[in-house]
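Look at the model below, and keep the sequence at hand while reading. The paragraphs that follow take up ring pairs, charges over rings and the relation of the chains.

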Protein chains: 2
Amino acid sequence: MGTLRIPDMVPSPTEDCQTLVTSFKGLGTNEKSVISVLGHRNASQRKKIRETYQQLYNKSLVDDIYSELSGDFRKAVVLWTYEPFERDARLANEALKSRKKTITQLQVIVEIACASSPDHLVAVREAYCGLFNRSLEEDITANVPMPVQKVLIGLVRSYRYDKQLVDPSIANAEAAILREAIRTKQLDFDNFLIILSTRNVHQLRATFECYKKNYGFSIDQDIKSCGKGLLESILKVVIWCIDSPEKHFAEVVRASVVGLGTDEDSLTRAIVTRAEVDMMKVRGEYFIANKTSLDNAVIDDTSGDYRKFLMTLLGAKV
Amino acid sequence: MGTLRIPDMVPSPTEDCQTLVTSFKGLGTNEKSVISVLGHRNASQRKKIRETYQQLYNKSLVDDIYSELSGDFRKAVVLWTYEPFERDARLANEALKSRKKTITQLQVIVEIACASSPDHLVAVREAYCGLFNRSLEEDITANVPMPVQKVLIGLVRSYRYDKQLVDPSIANAEAAILREAIRTKQLDFDNFLIILSTRNVHQLRATFECYKKNYGFSIDQDIKSCGKGLLESILKVVIWCIDSPEKHFAEVVRASVVGLGTDEDSLTRAIVTRAEVDMMKVRGEYFIANKTSLDNAVIDDTSGDYRKFLMTLLGAKV
């Protein structure tokens, strides 16, 4: 369940567009008004607003937001306004273009591949080709070294069966294959990656449970004991995104606010991509792991319109 | 260009359905009438006929064809009547279920992955999940031994960029990677397979051309010299399906009619899947390779309504 709040009476897309265009008028921008409209509309409502805006004013809403807002607030509103598959294609591209390619950047690709539906993943790949004139896989190949490249390519190409169908004997047999690869530290072993990238998530969760039962430690703990490299970090994110995406995104929020300074890009991404998916659960997992509230963490680490927008997506009345 | 002939004045889907249901009435079936309708309609017209039939008579056209016709004729008309992505999902499943898994069966999967559009391939994977309650990749994993498994999984998961965009420096660099893998007989080398399964077909054709120019032999000839196993055979089909699908399908037809007996399944598949795609070119390639006509080969090796149906798809007046 998401945290996004939609009013009982939603204005028509035309009314929303008029509110937006009015808030852009003149020298300043009425940020409050932008938040009050876009921060309370779901993906299909935002799509209609984008389309209506284009028809009414013959220009792109995203472009206007881009030129009217600034900073982290702008980045958050722009990401929120894109069609979700276009947003994710752009996030993946940004991760692959970034100079640093640590787990902070590359985990974005794992999230798209493992914590969203098969149809969404395909739509992201299609959008990627349309936006950047090459496939997502080609950019992974060009920008990520082996063996992480191989893991990411396997994952973004998955099209998992989307229903709850679990075979306990497969869970048992494949837990053993995973275990053997981890024991011998062959984390890029073909069969290991094929299991993680072809099985449906329900089957994989059963396999991970089997793993823990049969071998004493959870699979992510065992992977961690193989080393502290990028490969191990990526695989840990893979396991979490499959096993419990809400736990993963709670961790993304935590890592983004911990210590001095804030990683706004990660914080924005976590909230924007999950606000209408499972943010209620993310909030719960955050509390279990950190014994403090996710909302307070956001309030403490952000300010101004950026804070107001994120808090709006988190369901607060601002 | 296909060979399918559609009349200038196409009856409405309702009229076509009435003709079909009349031809099914009584003890026998009017096969001529079935051929005269379905053998002259393209994919979108057949789709409307299927939908209208379901609405008018509350039963499935494919089921009725199945119970009214028989033998190879039935198999051909049923395949032709399915939605193309459902047809290919069923063909892939049949190949994976078959007791023998030689190149004759497994090449079907390469054709779907390499000789059709990215969107068609995704639609096949989606249909496969819906029809068989597991993903195509899971069935490949369960039914095909390594290393061919790895090749097929890589290919069916591709989503290639779909426009003509060629980088000559990539062609040169990747021809060298392909060459090195072939020279050292490492045909399941990760980089080798990633190139074949991520690059767009136009880029790959340029790479193959570069290969021939730089190393003297065409890449499929060089692969052949690595051995006569299933892996080499599959990779040859991959190269042909990417480089020139019409040459590949001409070869499928030739192999299906050569010697005593006929491989009706392969012959049917080649004609049904390419009749409205590129059968004109397939016919041309067949003539170049065999100095005889594809149409005569079909006439010589088939008979009865099956022959009439295939010849209708080949554009003959029967």
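Tyr211(B) and Tyr215(B) are four residues apart in helix H13 (residues 201–215) of chain B, so about one helical turn separates them. Helices here are DSSP runs of H or I with at least four residues, numbered from the N terminus. This is a predicted model, in which local features need pLDDT of at least 70 and side-chain atom pairs count only at pLDDT 80 or more, while totals for chains, interfaces and linings use all residues. Residues are numbered from 1 along each chain as its sequence is written, chains are lettered from A and ligands numbered from 1 in the order in which they are written, and side-chain values use heavy atoms, without hydrogens and water.

A pair of aromatic rings is described by the distance of the centres and the angle of the planes. Rings of Phe, Tyr and Trp (its six-membered ring) pair if their centres lie within 6.5 Å; planes under 30 degrees apart count as stacked, over 60 as edge-to-face and the rest as tilted. Tyr211(B) and Tyr215(B) form an edge-to-face pair, with 5.2 Å between centres and 65° between planes. Tyr211(B) is buried at 0% relative accessible area, whereas Tyr215(B) is partly exposed at 27%. Buried means under 20%, exposed over 50% and partly exposed in between (1.4 Å probe, protein chains only).

Charges also meet rings in chain B. The charged end of Arg46(B) sits over the ring of Trp80(B), 3.6 Å from its centre. For this, CZ of Arg or NZ of Lys must be within 6 Å of the ring centre and within 35 degrees of the ring normal.

Key. Helix = DSSP H or I, 4+ residues; strand = E, 2+ residues; numbered from the N terminus.
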